[in-house]
Amino acid sequence: MSSLFYLIGDKLMNIILIRHGQAESFASDDASRMLTTQGEHQSQQTAAWLLNQGYQLDALIVSPYKRAQQTAYHVAQVFDIPITSCDQITPDNSAQAAFEWLDELLLPESATIAVVCHMPIVASLVMLLTGESSAGFSVAEAQVIEMPMFTTGLGKVIARFVPTV
């Protein structure tokens with residue numbers, strides 16, 4: 001399938017990759033782990049940073065895991081945007097499968113898309129989109145990848161935020 005995202009004029013696509021906030025250590029299963037109070041504050045700080053940087057989100061894609069959903073809630077509240085859940089961005093999924101799922105969405109060209117997920121897939125997505133290795137993500141960290149089109153290896157990390165709480 002050909003890519004659904006293309007450059008319009010001089011506006012580039014932005015993919016904002018966000019790792020969920022700090023989560024509790026134990027739960028009945030990994031998918032049920034919830035954010036701690038600190039994780040809630042981190043998520044709020046990340047959402048505020050995105051707003052203060054002037055980003056306008058066209059889509060918010062989120063792992064179905066509870067801690068990612070809670071993190072995305074804060075972003076959704078700030079931007080008044082619905083959350084789209086994606087089973088392809090859980091901790092054990094491949095970055096390639098996530099990329100293919102995202103490529104099949106009919107999102108606006110030159111969109112700004114936020115993706116809230118987990119380690120190690122969030123770091124793997126950075127490597128896939130930019131062609132450069134990633135040292136990993138802090139909790140609630142956001143990295144903005146600018147791309148001329150939605151394809152592998154052409155992106156560049158242009159901004160990064162790590163909460164201070």
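Visitor: What covers the buried residues of α2?

Guide: This is a predicted model. In it, the cover over the buried residues of α2 includes β1 (13-19), α1 (37-52), β2 (59-62) and β4 (112-117).

Visitor: Which residues in α2 are buried?

Guide: They are Arg-67, Ala-68, Gln-70, Thr-71, Ala-72, His-74, Val-75, Ala-76 and Phe-79. As background, an α-helix has 3.6 residues a turn, so residues three or four places apart point the same way.

Visitor: What should the 14 residues of α2 span, and how far apart are its end C-alpha atoms?

Guide: Helix α2 covers residues 66-79, and at 1.5 Å a residue it should span 20 Å. Its end C-alpha atoms are 20 Å apart, in agreement with that expectation.

Visitor: And what follows α2?

Guide: Asp-80 does, with a positive phi near 50°.

Visitor: Changing topic: which residues touch the most other members of the largest nonpolar core?

Guide: That core has 26 residues, and those touching the most other members are Ile-15, Leu-17, Ile-61, Ile-89, Ile-113, Val-115 and Phe-150. At least two residues each come from β1, β2, α3 (95-103), β4, α4 (121-130) and β5 (142-147). The element that gives the most to this core is α4, with 6 residues.

Visitor: What does Val-115 touch?

Guide: Leaving aside residues up to four places away in sequence, Val-115 touches Ile-15, Ile-16, Leu-17, Ile-18, Ile-61, Ile-89 and Leu-102. There is also a second, separate core of 21 residues, and Tyr-55, Ala-68, Val-75 and Val-116 are among them.

Visitor: Now the cysteines. How many disulfides does the structure hold?

Guide: It holds 0 disulfides.

Visitor: Are Cys-86 and Cys-117 buried or exposed?

Guide: Cys-86 counts as buried because its relative accessibility is 1%. Cys-117 is buried as well, at 0%.

Visitor: Finally, what is the mean pLDDT of the protein?

Guide: The mean is 91, and 92% of the residues reach 70 or more. Over residues 1-9, however, the pLDDT is below 50. That stretch has 27 contacts in the model beyond near neighbours in sequence.

Methods: Residues are numbered from 1 along each chain as its sequence is written. This is a predicted model: local features need pLDDT of at least 70, side-chain atom pairs count only at pLDDT 80 or more; totals for chains, interfaces and linings use all residues. Side-chain values use heavy atoms; hydrogens and water are left out. A disulfide is a pair of cysteine sulfur atoms within 2.5 Å. Buried means under 20% relative accessible area, exposed over 50%, partly exposed in between (1.4 Å probe, protein chains only). pLDDT is the predictor's confidence in each residue, from 0 to 100. Contact means heavy atoms within 4.5 Å. Helices (H or I, at least four residues) and strands (E, at least two) are DSSP runs, numbered from the N terminus. The expected span of a helix is 1.5 Å times one less than its number of residues. A nonpolar core is a set of buried Ala, Val, Leu, Ile, Met, Phe, Trp, Tyr and Cys residues joined through side-chain atoms within 4.5 Å.
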